[in-house]
Amino acid sequence: LVDLLREGGPELLSHATSAGGVAGGPPARADAPVVLELGAGCGLVGLFVAALLGASGASGARVILTDENEAVLSNLRHNAEANGTALGSVAVEVARLEWEELLDGTSPP
């Protein structure tokens, strides 16, 4: 798994932040933290990290929550909005990401 993430991590992040992933996401500053949560479920871990980044004053930080199921993504969006005030200036984005599509090459560009 570590090798997969080391070799595939940049591609996953690129896919999640492309036009096919997070639509209209703000451009990240070069020195700002970007966190990508894979298979976020309800988003507990990603939202906790976003709250920590917000409390630390991490300017321009982004947390991208991904999953493949539309019902899960809808719930993620709701949870991110419901907790928005606790996140400070951290941009929390929700994107669809399906591992199988990335692995077999059928993922949209």
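Visitor: Which exposed residues does α2 carry on the face turned away from its buried side?
Guide: In this predicted model, local features need pLDDT of at least 70 and side-chain atom pairs count only at pLDDT 80 or more, while totals for chains, interfaces and linings use all residues. Residues are numbered from 1 along each chain as its sequence is written, and side-chain values use heavy atoms, with hydrogens and water left out. With exposed meaning over 50% relative accessible area, buried under 20% and partly exposed in between (1.4 Å probe, protein chains only), the face of α2 turned away from the buried side carries Leu44, Val45, Phe48, Ala55 and Ser56.

Visitor: What arc around the axis do the buried residues of α2 cover?
Guide: The buried residues of α2 are Gly46, Leu47, Ala50 and Leu53. They lie on the same side of α2, because their arc (taken from the directions from the helix axis to the C-beta atoms) is only 120°.

Visitor: Which elements are included in what covers the buried residues of α2?
Guide: Helices (H or I, at least four residues) and strands (E, at least two) are DSSP runs, numbered from the N terminus. With contact meaning heavy atoms within 4.5 Å, the cover over the buried residues of α2 includes β1 (34–37), β2 (62–67), α3 (70–82) and β3 (91–96).

Visitor: How far does α2 reach from its first C-alpha to its last?
Guide: Helix α2 spans residues 44–56 and has 13 residues. The span expected at 1.5 Å a residue (1.5 Å times one less than the number of residues) is 18 Å, and the reach of α2 is close to this, at 18 Å.

Visitor: Which residue takes a positive phi just after α2?
Guide: Helix α2 comprises residues 44–56. Just after α2, a positive phi of about 80° is taken by Gly57.
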